[in-house]
Amino acid sequence: MPEEPTQRVAVLVMGCPKVPVQTSLVLYLSNRMKKAGIRTIIAGTPSARQLIRVADPDGHYTMEMKDLDATIAALAKGDLTVTDSYVFVHNDAGVSYAATMQSLTNRPVTAIIFGEEAEQIAQEITFPCTVIAEPATHNPMSLKNKLEEAAPWDA
Amino acid sequence: MGCLESLPYEVLMSKISFKEAREFLSRYPEKYDVAPGYRMFDLNIIGVPPIRVAVDGDALIFPYTKPCHGTFLIRVQNATDEITRLRGRT
């Protein structure tokens, strides 16, 4: 059994970075989590991580970044324990990753769903998961506002 | 971390949804449901439960999901070790 974490550890799971709002929202959420003293891990593909790294070269808004596959492997092996997960979803694969995080962590998972098909994709969430969805592609404000309403950094 | 490129694999279907993968694999007589994160061939399987994998002779067929490209159905032949492990799960 993985050890119970002594502090809150949040993982932000990035999907394919082709929809612009994702990188902006990940930086925003990471910054709020970091300011709240939560250990925050961003997991993503190499391209998704490079977008974050270039936008925040000195790590003002981010803490740790990990490879997505390596993060899944560490969770499956019990080498990493997280208290809550935030999965950025804009396609079918994102739903699969959200379900995987729910199954592997057995902890609260929030799916942040964006892109033109957000509503349709939200219907595919049939497992325990909080859904925050808006059909945003270029303008992150509607989702930023919904994140502020949810305020997971205060939980 | 797993690397599919190191396997002698064949892509049966590409860029499909997890539901399509599940439906396709349901037609095989010998099939198993595994939990998300189940490790085979040094890969962790990603998906919405139940994740179906199928045995076809000495080949194993399973879904493989990538964030940007959706789900692929992969067939790996000469998979007897993984098939034995799959059958022996309690």
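Hi everyone, let's start in the middle of this predicted model. The largest nonpolar core has 68 residues, and those touching the most other members are A:Leu12, A:Val13, A:Val87, A:Ala98 and A:Ile112. Which element gives this core its largest share? That is H4(A), with seven residues. As general background, nonpolar side chains in soluble globular proteins tend to be buried together.

Let's zoom in on one of those residues. Leaving aside residues up to four places away in sequence, A:Ala98 touches A:Val87, A:Val89, A:Val109, A:Ala111, A:Ile125 and A:Cys129.

Now let's turn to where the two chains meet. Chain A brings 23 residues to the contact, and chain B brings 19 residues. On the side of chain A that touches chain B, two or more residues come from each of helix H3 (68-77) and helix H4 (92-105) of chain A. H4(A) gives the most there, with nine residues. And what kinds of residues make up that side of chain A? There are 13 nonpolar, six polar and four charged.

Finally, let's hop over to chain B and its helix H1, residues 18-26. The buried residues of this helix are B:Phe18, B:Ala21, B:Arg22 and B:Leu25. Why do they sit on the same side of H1(B)? Because they cover an arc of only 95 degrees around the axis.

So what covers those buried residues? The cover includes H4 of chain A. From chain B, the cover includes strand S1 (9-16), strand S2 (31-34), strand S5 (51-56), strand S6 (59-66) and strand S7 (70-76).

Terms used:
Residues are numbered from 1 along each chain as its sequence is written. Chains are lettered from A and ligands numbered from 1 in the order in which they are written. This is a predicted model: local features need pLDDT of at least 70, side-chain atom pairs count only at pLDDT 80 or more; totals for chains, interfaces and linings use all residues. Two residues are in contact if their C-beta atoms, placed from the backbone, lie within 7 Å. Helices (H or I, at least four residues) and strands (E, at least two) are DSSP runs, numbered from the N terminus. Ala, Val, Leu, Ile, Met, Phe, Trp, Tyr, Cys and Pro count as nonpolar, Asp, Glu, Lys and Arg as charged, and the others, Gly among them, as polar. A nonpolar core is a set of buried Ala, Val, Leu, Ile, Met, Phe, Trp, Tyr and Cys residues joined through C-beta atoms within 7 Å. A residue is buried if 20 or more other C-beta atoms lie within 10 Å of its own, exposed if 12 or fewer, and partly exposed in between; C-beta atoms are placed from the backbone. The arc is that of the directions from the helix axis to the C-beta atoms.
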